[in-house]
Amino acid sequence: MKLPLSLKKMFRRRIVLVAAVCLLVVVLVSLFAHVVTAYDPNDTAVSERLSRPSAAHILGTDELGRDLLARIAFGGRYSLTIAALAATGSIVIGTLFGLVAGFFRRLDAPISRVVDAMMSFPDILLAIALVAILGPSMLNVVFALVLVYTPRVARVVRASTLVVRELLFVEAARAVGVSTFRILWRHILPNLMSPILVQASFIFAYAILAEAALSFLGVGVPPDIPTWGTMVAGSQQYAHQALWIVLFPGVAIIITALSLQLLGDGIRDLLDPRLKKSM
Amino acid sequence: MTTRSSSSPESSLGLRLDVRHLSTSFTTDEGVIPSVADVSFSIRPGKTTALVGESGSGKSVTSLTLMRLLPRTAATQVAGQALYTNAKGDTVDLLQLPEAAMRAIRGNEIAMIFQEPMTSLNPVFTIGEQIAESLRLHKKLDRAAALAEARRMLELVEIPAAAQRVGEYPHQLSGGMRQRVMIALAMACGPRLLIADEPTTALDVTIQAQILQLMGRLQTETGMSMLFITHNLGVVAHHADDVAVMYSGRIVESAPVRGLFAQPRHPYTQGLLACLPSQQRKRAASNEAREGPIGPRRLFAIRGQVSSPLSPPPGCAFEPRCDQAISGCQSAMPGLRLDDDGRSARCILTPQSVSEVS
């Protein structure tokens, strides 16, 4: 699988290319927030509160006169970090359990039942309950999101493992004298990369939305940390006076989540042999 | 085939592999299915023993049992002995070895090639890496040395531009090339016994001949033994030294290859040979000479189907399909009758001379 070639193939669909560019812009703006804007995200200037987008404040200011662009850019760091950590955590743990459940039949039933039980809770409710118990902090939000998304990954990975396990090259590897651990790690796991990659991009998108929702409901990140969710939550009562305060962070959430979803779709279409002809 | 009338477990009579009374059965929801029952055969050093039979006769289960590669989750019962004489000259029972010792033998002393070259290679690794894995595992070579050796193995199996192919992925190769890679993989550690499970069945006829020729060449060069599993009697005639014919999980006849083809003793073997188009031509020619031209020639086929392993016939498993069946055939499964010349057949019509085993 040569990456440049497959990337070219994926970007043949214009929308996937647009999504990738949008995502790149969002990541770069967050990463180089101090270059993008001269303002500090927490500097208040009451005289300039609720000012419209202008040359001085490109996206305007919020109810405390904080520069919105600065808050969105720096807030992106937190939002993206939380989502990335949640996605990474759930992918790693979910893959581990999914592999074990799919490969060792004896452990399949216990793991799968726990996964089913966890998935029977509505996602956001479980996260709310967890953060409510653990207390609002960035780490607890990450922890709650990992717990919510791990079962999804485990289920997908288990299903794929069941398929790959039966392929002849696994038996061939055994016939060469490869140990069980090595077969799992070296022969099966690399063959699961495509579903895992697709899941990762989707979970990243879900986690951005979920973090925003949690913060909006007040059971997410503490309000003094600027994330896109806390921005929408904190400013909602001023929305009828100054729509831009909730509009711009909302747009940031939508663009990022949508781009990730589209990118995930693109990866899935690229890797799914049944859809190859339509590309 | 070597006659074994003595039953002392430790003497393997200079054989490389001596399988005795091997039985494998699976427990399913419908009951216990005896997939392989009381199978005995042996493989001489540097020689090829062919295991012949139709689909479902237990050939592949036999080979997987020997390699201890049956799915561990399937409820399987294995009985019997598989005495393997290793490189040091010690005789070990493959069925009793601890898993770690077995892993050291797999791919090292005993290698295996499979029927489906399209799926027996891992799609995400280069073929060089896959050959190198075996070498790193068993010969403790480092990565660079193993890859260099992998390239040498590809040259050995006559893959053109081996230096370039070593870095390619399985999907870039044709079926014949992949089977060569599988052979290179199997041969990498210099095995003393190669189990080939229908290695050419999935290939074009022209490629088949090349692959068989290659395997024959490698065998003469290395002196390895081969267990050749196939349903292709033409291949058996050209490449095997000894033949064991399986039907419904049991060996029905075993003999040196010449004897078997010249004078098949079991009705099933006779039927199989009669199914060959070349035999058909011969028979038709002699008939025409005798009776004048007759209608369109038809290929011979053994009538009926293999009986279900869940409800086997009371007597001989082949009796329902046998044209020579007599009344005694239905009463009991006949034993394997040994002859003076080292041949044996599981049929009450064959003359019995020495003793009856099982």
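I looked up the buried residues of α3(B) and found B:I127, B:G128, B:Q130, B:I131, B:A132, B:E133, B:S134, B:L135, B:L137 and B:H138. A residue is buried here if 20 or more other C-beta atoms, placed from the backbone, lie within 10 Å of its own. That is ten of the twelve residues in α3(B), so I noted the helix as mostly covered.

The model is predicted: local features need pLDDT of at least 70 and side-chain atom pairs count only at pLDDT 80 or more, while totals for chains, interfaces and linings use all residues. Residues are numbered from 1 along each chain as its sequence is written, and chains are lettered from A and ligands numbered from 1 in the order in which they are written.

Next I checked what the buried residues of α3(B) pack against: α4 (143-156), α5 (162-165) and α6 (175-187) of chain B. Helices are DSSP runs of H or I with at least four residues, strands are runs of E with at least two, and both are numbered from the N terminus. After α3(B) comes B:K140, with a positive phi near 55 degrees.

I then turned to chain A. In chain B, 22 residues are in contact with 15 residues of chain A; contact puts the C-beta atoms, placed from the backbone, within 7 Å. On the chain B side, α2 (99-105) and α3 (127-138) each give two or more residues. The largest share, four residues, is from α3(B).

I listed eleven helices and 13 strands. Its C-alpha trace spans about 65 × 55 × 40 Å along the principal axes. Buried residues are 43% of the 358 in the chain.

Terms used: Two residues are in contact if their C-beta atoms, placed from the backbone, lie within 7 Å.
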